Amino acid sequence: SLNNDESYLYLLVVAAGSAGRHDLEKRALDRLLEVGQKSAALDLLVGKAYLNRGQDEQALRELEKAAANDPELPMLHYTLGIIYKRRHDYENAKQEFLKDVAVEPDVANNYDELGSICLSLDEYEDAQRYFEKALQVDSRLPAAWYGLAKIHRAAKRYPEALKAIDSALALAPKSASVHYLHAQILAQLGREGESQTEFAAVRRLHKETIDSLEQQIMGSIYRDPQLATEKK
């Protein structure tokens, strides 16, 4: 039988889903719904569990219930922001991340997501400000370093771009996107030999792996900052 603790069951849903154990994932989610005390916190947990499974409509229903009962619940607006970002509804996503910043100003992922949205909207100054704030809170965010590198490259600040992409590369060495941008920046600095080596790495990585960082940047995967915090 499964443990009755709500947080444990949520973690089990996530772990089972990541491992491809969809039978266990469904059992844990059903158990979470069965034993959970009706509350905004439970609605948030269930919403996040649905979001991890890619069931955005069910997630949105649970999150809206949570928002009706406790609009200042930590991580609620962050999670809603992820859904809107997946839908490319950037204005609503931006507002949700800003709402979560007001509730918990020290969550780096909010600023990371805001930077990514502003970059998609060609709001480069705001994007740079948000990425820099994210990295001030947590320097281990490869998407923020990647975003900064893109901004610096667009402005032809190539040494700054190289520094940022080197930091992204240290954190995401198997990302084809990072290697590709690294190759472009090296070429623009006149370092052709190193650039060609990086382009070769890009071709190899495209054959070997799905680029999870690009999925993260585009918002097609859900990152739970609470799980990341627990791993530190």
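What is the handedness of the crossing of helix 2 and helix 3? I would like to open with that question, and the answer is that the crossing of helix 2 and helix 3 is left-handed. Before I go on, please keep in mind that what we are looking at is a predicted model.

Let me stay with this pair for a moment. Helix 2 covers residues 22-35 and helix 3 covers residues 40-52, and their axes come within 11 Å and cross at roughly 165°. At that angle helix 2 is roughly antiparallel to helix 3, because angles over 145 degrees are counted in that way. On the side of helix 2, the contact is made by Leu29, Leu32 and Leu33, while helix 3 brings in Leu42, Leu45, Val46, Ala49 and Tyr50. If we sort the residues of this contact by class, we find eight nonpolar, no polar and no charged.

Now to the protein as a whole, for those of you who have not seen it before. The protein holds 14 helices and zero strands, and, read from the N terminus, its elements run α-α-α-α-α-α-α-α-α-α-α-α-α-α. Of the 232 residues in the protein, 50% are buried.

Helix 1, residues 6-18, has 13 residues and spans 19 Å from its first C-alpha to its last, which is close to the 18 Å expected at 1.5 Å a residue. Its buried residues are Leu9, Tyr10, Leu12, Val13, Val14 and Ala16. Just after helix 1 comes Gly20, with a positive phi of about 80°.

Helix 10, residues 158-171, has 14 residues and reaches 20 Å between its first and last C-alpha, close to the 20 Å expected at 1.5 Å a residue. In helix 10 the buried residues are Tyr158, Ala161, Leu162, Ala164, Ile165, Ala168 and Leu169.

Let me come to a second pair of packed helices. In general, two packed helices are described by the angle between their axes and the distance between the axes. For helix 5, residues 76-86, and helix 6, residues 90-103, the angle is about 165° and the axes are 7 Å apart. Helix 5 is therefore roughly antiparallel to helix 6, and helix 5 passes helix 6 in a left-handed crossing. From helix 5, Leu76, His77, Tyr78, Leu80, Gly81, Ile82, Tyr84 and Lys85 take part, and they meet Tyr90, Asn92, Ala93, Glu96, Phe97, Lys99 and Asp100 of helix 6. By class, this contact of helix 5 with helix 6 has eight nonpolar, three polar and four charged residues.

What lies in the loop between helix 5 and helix 6 that deserves a remark on its phi? His88 is found in that loop, and its phi is near 60°, a positive value in a residue other than glycine. His88 is partly exposed, with a relative accessible area of 48%. A further residue to look at is Asp122, in the loop between helix 7 and helix 8, which has a positive phi of about 60° although it is not a glycine. Asp122 counts as exposed, because its relative accessibility is 52% and the cut-off for exposed is over 50%.

Is Gly47 buried or exposed? Gly47, which lies in helix 3, is buried, with a relative accessible area of 0%. Leaving out residues up to four places away in sequence, Gly47 touches Ala59, Glu62 and Leu63. The C-alpha atoms of Gly47 and Gln58 are separated by 7.0 Å, and these two residues are 11 residues apart along the chain.

The other one is Asn110, whose place is in helix 7, residues 108-120. Asn110 is buried, with a relative accessible area of 0%. Again not counting residues up to four places away in sequence, Asn110 touches Tyr78, Phe97, Asp100, Val101 and Glu104. Tyr78 is among the residues of helix 5 that meet helix 6, and Phe97 and Asp100 are among those of helix 6 in that contact.

How values were computed
Residues are numbered from 1 along each chain as its sequence is written. This is a predicted model: local features need pLDDT of at least 70, side-chain atom pairs count only at pLDDT 80 or more; totals for chains, interfaces and linings use all residues. Side-chain values use heavy atoms; hydrogens and water are left out. Helices (H or I, at least four residues) and strands (E, at least two) are DSSP runs, numbered from the N terminus. The expected span of a helix is 1.5 Å times one less than its number of residues. Buried means under 20% relative accessible area, exposed over 50%, partly exposed in between (1.4 Å probe, protein chains only). Contact means heavy atoms within 4.5 Å. Axes are lines fitted to C-alpha atoms, for helices over the stretch in contact, and angles run from 0 to 180 degrees between N-to-C directions. Angles under 35 degrees count as roughly parallel, over 145 as roughly antiparallel, 65 to 115 as roughly perpendicular and the rest as oblique. A crossing is left-handed if the near helix is turned anticlockwise from the far one by less than a right angle, and right-handed if clockwise. Ala, Val, Leu, Ile, Met, Phe, Trp, Tyr, Cys and Pro count as nonpolar, Asp, Glu, Lys and Arg as charged, and the others, Gly among them, as polar.
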